[in-house]
Amino acid sequence: MKTGVLSFALLLLAACAHVPGSGDDFEAGDRAAIIDLQHRYVLAMDYFDADGYAAVFTEDGVLDWAGGEVKGRDAIRQFMASGTYDLRKLNFKPAKTPDGRDWPSTVRHLVTNQVIEIDGDSARAVSYWMNYANNADRRKIEWLSFGSWDDELVKVDGKWLFKRHTIYNEGNPN
């Protein structure tokens with residue numbers, strides 16, 4: 001009896017064991033690449049890098065946000081370059097450094113709780129986001145907004161890109 005249970009346990013462990021080179025390795029790499037894509041997106045947004053922002057979308061990608069849809073990589077680049085999404089303007093108060101220089105405000109985004117489903121060269125990711133700024137008092141942060149993303153992604157030439165990036169702002173009725 002003990003031998004039978006032990007044999008069954010070993011068989012079960014062998015069935016669950018990770019085999020190097022199996023599909024798990026590829027999926028883990030894809031998941032990491034998708035999370036990296038999201039991080040490059042927020043860094044480009046926070047640093048007003050319109051080229052970097054547009055580069056994470058497919059040529060026909062769609063940015064769907066509270067202000068509507070922006071379609072195509074070129075239009076997305078123009079949207080970001082226009083300053084329409086410059087959250088440094090919210091509750092802005094000018095400030096100076098101790099030596100009298102302008103002290104610009106800063107906005108930062110965080111992305112968390114990614115749930116990613118991969119199916120070959122396409123994927124869907126649902127994530128939470130939040131952002132904060134020091135617009136009013138440079139020494140303190142103020143939480144601005146939060147919400148979720150629903151992303152459709154595709155792998156193009158081995159690189160993950162947003163096909164459609166939908167932003168739900170849970171603090172905005174739009």
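Me: How many cavities of 30 Å³ or more does a search of the whole structure find?
Reply: One. A cavity is a set of 1 Å grid points, over protein atoms alone, where a 1.4 Å probe fits but cannot get out. Volume is the space filled by probe spheres on points joined across faces, edges and corners.

Me: Is this a predicted or an experimental model?
Reply: Predicted: local features need pLDDT of at least 70, side-chain atom pairs count only at pLDDT 80 or more, and totals for chains, interfaces and linings use all residues. Numbering runs from 1 along each chain as its sequence is written, and side-chain values use heavy atoms, without hydrogens and water.

Me: Back to the cavity. How much space lies in the largest one?
Reply: About 40 Å³.

Me: Which residues line the largest cavity?
Reply: Met45, Asp46, Phe48, Tyr85, Leu87, Val107 and His109 (an atom within 4 Å of a point). Helix α2 and strand β3 each give at least two residues to that lining. Helices (H or I, at least four residues) and strands (E, at least two) are DSSP runs numbered from the N terminus.

Me: What about pockets? What volume has the largest?
Reply: About 250 Å³. A pocket is an open set of points with protein on both sides within 12 Å along at least five of seven lines.

Me: Who sits closest to the centre of the largest pocket?
Reply: Tyr85, Leu87, Ser145, Asn169 and Asn172, out of 14 lining residues. Tyr85 and Leu87 also line the largest cavity.

Me: New topic. How many residues has the largest nonpolar core?
Reply: It has 30. Such a core joins buried Ala, Val, Leu, Ile, Met, Phe, Trp, Tyr and Cys through side-chain atoms within 4.5 Å. Tyr41, Tyr53, Phe57, Leu63 and Leu153 have the most contacts inside this one.

Me: Which elements build this core?
Reply: α2, α3, β1, α4, β3, β4, β5 and β6 each supply at least two of its residues. The largest share, six residues, comes from α2.

Me: What does Leu63 touch?
Reply: Beyond neighbours within four places in sequence, Leu63 is in contact (heavy atoms within 4.5 Å) with residues including Tyr41, Tyr53, Phe57, Ile76 and Phe79. Glu69, His165 and Ile167 are also among them.

Me: What does Asp64 touch?
Reply: Glu69, Arg164, His165, Thr166 and Ile167, leaving out residues up to four places away in sequence.

Key: Buried < 20%, exposed > 50% of the residue type's maximum accessible area, 1.4 Å probe, protein only.
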